[in-house]
Amino acid sequence: MMARALRLAARGTYTTRPNPMVGCVLVQGDEVVGEGWHVRKGGPHAEVVALEAAGARARGAIAYVTLEPCAHTGATGPCADALAAAGVGRVVAAMRDPFPQVDGKGFERLRAAGVETASGLLEPQARELNAGWLSRIERDRPWVRVKLAMSLDGRTALANGDSKWITGEPARLDGHRWRARAGAIVAGAGTILADDPQLTVRLPEDVEVLPPLRVVLDPGLATVARGRVREGEAPTLYLHAPDVKPPRGIDAQRAAVPASGGNLDLGAVLRLLAEREINEVHVETGATLAGAFLSAGLVDELLLYVAPVLLGDRARPLFAGLGIDAMAQRLQLQVFETRAVGGDLRLRLRPQQR
């Protein structure tokens, strides 16, 4: 039943942010009497949807919920109170909610109302589901995923910059699904100037997606007056050095972050995005900025598409600026997932020391 609740929660992957994904299943014996998931911020929480579906059959039921029921009033009322009022007999949560306004208080309210509680069932899976939201709450920065596509010999583009297309169409569509779950898509000024990307999500029309914020790291605001990154409905934010003045007549959303040696402080960038309630950052950029994130220890996951092609030793590398001169300095990665996507291979890798 908890696995079912987790699958329900995942239905909100593209729409719940900045809130966590939550699912709830109400059970009487072996029968599911109500279930639901949180769809979007401001909408009913998973527990409330499940209670409405169950009606009077919620009394005495066991509630399986992927996150501790909330104990505060925000856009909606406390779910702990709603469960108690419905007469639910037991609440089993996958994990405690680390959000300061909850953090055990939901369990306390339930127990005070005579409802039995338990937590920890499938907790690793629940934490994985909401890795971005947990990163923002517990570390004050978003989860950083760097997406790259490469040839078998570790190259991302020819020497002249041509990279269309290393991977096949299925891999490119899969990349858009990962874009869709992010709160922000980040690219550097060099990528904007060289490739003129849109940095938008392009999925079938029947897939509901909350458009991610497009973030351009541009210390000198060299790209603010140009490019497709400003077209369409998705919002765009330019991050620049503090001493830079924007060109006249340019109406663009922008913010200054600390910089050194012509480069923005990436830690400060992530803190600013966390303040804007960004849970997951999807980085799509060139070797220089990708290498900078990795060197700074700010990469939580690499999303790497490997195509069965060879580009040769004159082609561009995957990362630049790592400065590895000895085997002792090598960056060790853990293969988290391997999957064939069309004719390509998708790897998800995570640094062993984060």
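## Domain contact and cysteines in a predicted model

Eleven residues of domain 1 are in contact with 17 residues of domain 2, where contact denotes heavy atoms within 4.5 Å. This is a predicted model, in which local features need pLDDT of at least 70, side-chain atom pairs count only at pLDDT 80 or more, and totals for chains, interfaces and linings use all residues. Residues are numbered from 1 along each chain as its sequence is written, and side-chain values use heavy atoms, with hydrogens and water left out.

The domain assignment of the protein chain gives domain 1 as 1–129 and domain 2 as 140–351; such bounds come from an automatic or database domain assignment. The centres of the two domains, taken over C-alpha atoms, are separated by 34 Å.

Between them, domain 1 and domain 2 bury about 1,100 Å², with carbon and sulfur atoms giving 44% of this area. Buried area is the accessible area (1.4 Å probe) that two parts lose on being put together, summed over both. Of the area that domain 1 buries against domain 2, 61% is supplied by Y14, R17 and E128, more than by any other three residues.

Four salt bridges are counted between domain 1 and domain 2, each a side-chain nitrogen of Lys or Arg within 4 Å of a carboxyl oxygen of Asp or Glu. E128 also forms a salt bridge with R350, the closest N and O atoms being 2.6 Å apart.

The whole structure holds zero disulfides, a disulfide being a pair of cysteine sulfur atoms within 2.5 Å.
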